[in-house]
Amino acid sequence: MGALPVFRWRLAPDGYATYRQLRAQGLRPGGQQVAAQLERPRRRRGPLVAYLYRIDLAKPVRPMTPAKRAALAKANAARRVCPQCGTDAGYVIPSRLGVCVPCAFPEPAEFSRST
């Protein structure tokens, strides 16, 4: 097993792309191994590393099937339901709170407005 070629930041040759760049072109790595890496030096820590894949070996992104679309919609809907009060919050519940905002920060009775 040989070592990966390492390129400096923004100096990679044509024909290589990062995962995100492949996705923007409608491609995926398609099982190929990492072909090279980019390194961006930093002052006080180790370098930032980005892995590169060969564009000519990349495959097209698989299309979204109706079953996948339905499963994704169901999963996203579950992220909106508060586990404490059981209501649809209307937004994705933050994972750091674990519950909707009204359940996480209940308003004291003395500060509530009555109309």
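Me: Is Val-49 buried, partly exposed or exposed?
Reply: This is a predicted model, in which local features need pLDDT of at least 70, side-chain atom pairs count only at pLDDT 80 or more, and totals for chains, interfaces and linings use all residues. Residues are numbered from 1 along each chain as its sequence is written, and side-chain values use heavy atoms, without hydrogens and water. Buried means under 20% relative accessible area and exposed over 50%, with partly exposed in between (1.4 Å probe, protein chains only). Because its relative accessibility is 38%, Val-49 counts as partly exposed.

Me: In which strand is Val-49 found?
Reply: Strands are DSSP runs (E, at least two residues) and helices likewise (H or I, at least four), numbered from the N terminus. The strand that holds Val-49 covers residues 48-54 and is E5.

Me: Which strand contains Arg-40, and how exposed is Arg-40?
Reply: Arg-40 lies in strand E4, residues 36-40. Its relative accessibility is 40%, so Arg-40 counts as partly exposed.

Me: In what order do the elements run from the N terminus?
Reply: The protein has three helices and six strands. From the N terminus on, their order is β-β-α-β-β-β-β-α-α.

Me: What radius of gyration does the protein have?
Reply: The radius is taken over C-alpha atoms, and the globule rule is 2.2 Å times the number of residues to the power 0.38. For a compact globule of 115 residues a value near 13 Å would apply, but the protein has 23 Å.

Me: What share of the residues counts as buried?
Reply: The C-alpha atoms fill a box of roughly 70 × 45 × 25 Å along the principal axes. Of the 115 residues, the buried share is 17%.
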